[in-house]
Amino acid sequence: MENEKKGTAIVVTSGKGGVGKTTTSANIGTGLAMQGYSVVVLDADIGLRNLDVVMGLENRIVYDIVDVVEKNCKLKQALIKDKRHEHLYLLPAAQTKDKTAVSSAQMVELVNELKKEFDYIIIDSPAGIEQGFQYSIAGADEAIIVTTPEVSAVRDADRVIGILEANEIYQPRLIVNRIRQDMVKRGDMMNIEDILDILAVRLLGVVPDDENVVISTNKGEPVVMDEKALSGKAYRNIVRRIIGEEVELLNLEESNQGKFSKMMKLLFGR
Amino acid sequence: MSDSMISIKGIADGVFISVEGNDYNKIKQALELKINENIDFFKGSKLINIVGDELTLDIKTEIMLLLKYKYDFILKDEEIPSSKEIESQEKSQASTTTNIVEEGMTKFVHGTLRSGQEVSYNGNIVIIGDVNPGAVLRAKGNIIVLGLLRGVAHAGIGGNKNAVVAAYSLLPTQLRIDDIIVRPPEGDSYYKYPEIARIIEDKVIIEPYLPNK
């Protein structure tokens, strides 16, 4: 590759499982590559790898992260080039090992190596706060916290922010995933203000609950590439904020009604 | 100088200390030397009294605080001379500041306490920030939160029923003062004014904090 870079390593984490860390990692990684940056997405969830599946690269895995740290292969051999994007690579997790296979020191060394080659290193952290989480944050410069508008997820996010601060990763940014504006309006779901009130961190973006995410995940094509989906737009905005642009928050309300009701309005004036 | 200045006698179920002189620093030095010689024995012992010919009430109070907070001494009748006693002995002096010394040492924490974080202290705790759900505060003295208190606060650990918990917004998961545990009523209310919790007749009473009261 070109001359040495000084990339930024961003860990995507949440504490609680199932809030959308892997989906977020895949979309941010893909989105950054779409903006022309060289990106590697690193699956740190050893033993429960998913990122390769979400990105549709599962059948290309030969070597994985454990092979790299154990020096069974060269780093470049383990990097999988994305199907669609020139500068996007995946470093897959091992599926047959567990979290004890990698230490924090090895991770720091690996991430520093990757920083020389890429603009962004997106680290998909495992759920929990055990060893897997510890090594996944070890090499990170910044952190993105993913939460859903549920008290349990927010509570775990709060815990994780505290641990990140103890590990000298300050000012993480927050993505609120799977928000349903209709439920928020009825008062049945926590709104963004409630969440920010507790967590007191910068908001990076809000992603609506959108069935397109499930469809795209199953197809192995991150939704960020979907021009029409609202969630895709939300992720594209998040990516633009990561690279330093000022982008207003998405208006989630008009979207949920969809085009049909807009047409109805136009046609019948309702 | 040191040995002869202090004598510590074990009587009945506690210790009796007699001191000479009226120089607090010297007394403190000698006393600490003595205690440290046999720290395991003295730690947590019950203090019967401190006497001395030249002993002033101020020095006595200071020594008691030192013993209480540094060496976990248990004070008889729970407490350092009450304000009444001080008043009676120092009638001539203005009594507006008499309570300050009783409050003991204070730990200040700057910033928000998040879930899983815990602050324990042998005196008072002041948090300059919020206390989020899942965070725990434990103090032998009072707890003051200059922000939202949503975690668990335990004040007055070890029998201090005079301890209070106060916050700009008092919404704790659970509130404990000494051995009394209370939960806030169901329903998430958001109080916009400061409140203070204290024990009155064995019940924790929470009321708005009014500076003029």
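# Exercises on a two-chain predicted model

Strand 14 (residues 195-200) of chain B pairs with strand 15 of chain B in the antiparallel sense, over six bridges. Strands count as paired if DSSP finds at least two bridges between them; helices (H or I, at least four residues) and strands (E, at least two) are DSSP runs, numbered from the N terminus. This is a predicted model, in which local features need pLDDT of at least 70 and side-chain atom pairs count only at pLDDT 80 or more, while totals for chains, interfaces and linings use all residues. Residues are numbered from 1 along each chain as its sequence is written, and chains are lettered from A and ligands numbered from 1 in the order in which they are written.

## Exercise 1

Solution. Next, take the whole sheet of chain B: six strands form an open sheet in the order 5-7-9-11-14-15, and the pairing is mixed. From one strand to the next, the twist averages 25 degrees; angles run from 0 to 180 degrees between N-to-C directions, and axes are lines fitted to C-alpha atoms, for helices over the stretch in contact.

## Exercise 2

Sort the side chains of strand 8 (residues 136-139) of chain B by face, and find the strands that pair with strand 8 of chain B.

Now the partners. Strand 6 (residues 118-121) of chain B runs parallel to strand 8 of chain B and is joined to it by four bridges, with Ser120(B) opposite Arg138(B). Strand 10 (residues 152-155) of chain B also runs parallel to strand 8 of chain B, through three bridges, and Val136(B) stands opposite Val152(B).

## Exercise 3

Describe the packing of helix 2 (residues 24-37) of chain B on helix 4 (residues 57-71) of chain B.

Solution. Two packed helices are described by the angle between their axes and the distance between the axes. For helix 2 and helix 4 of chain B, the angle is about 35 degrees and the axes are 11 Å apart. Their crossing is right-handed, the term for a near helix turned clockwise from the far one by less than a right angle, with anticlockwise giving left-handed.

The contact (C-beta atoms, placed from the backbone, within 7 Å) is made by Tyr24(B), Ile27(B), Lys28(B), Leu31(B) and Ile35(B) of helix 2 and Ile59(B), Glu62(B), Ile63(B), Leu66(B) and Tyr71(B) of helix 4 of chain B. By class, there are eight nonpolar, no polar and two charged residues. Ala, Val, Leu, Ile, Met, Phe, Trp, Tyr, Cys and Pro count as nonpolar, Asp, Glu, Lys and Arg as charged, and the others, Gly among them, as polar.

## Exercise 4

Locate the buried residues of helix 9 (residues 192-199) of chain A and state what they pack against.

Solution. The buried residues are Ile195(A), Ile198(A) and Leu199(A). They cover an arc of only 90 degrees around the axis, which puts them on the same side of helix 9 of chain A; the arc is that of the directions from the helix axis to the C-beta atoms. They pack against strand 6 (142-147), helix 7 (151-166) and strand 7 (173-179) of chain A. Just after helix 9 of chain A, Ala200(A) takes a positive phi of about 50 degrees.

## Exercise 5

Is Gln171(A) buried or exposed, and is Arg178(A) buried or exposed?

Solution. Most residues other than glycine have a negative phi. Gln171(A), not a glycine, has a positive phi of about 50 degrees and is found in the loop between helix 7 and strand 7 of chain A. With 11 other C-beta atoms within 10 Å, Gln171(A) is exposed. Arg178(A), not a glycine, has a positive phi of about 60 degrees and lies in strand 7 of chain A. With 21 other C-beta atoms within 10 Å, Arg178(A) is buried.

Conventions. Two residues are in contact if their C-beta atoms, placed from the backbone, lie within 7 Å. A residue is buried if 20 or more other C-beta atoms lie within 10 Å of its own, exposed if 12 or fewer, and partly exposed in between; C-beta atoms are placed from the backbone.
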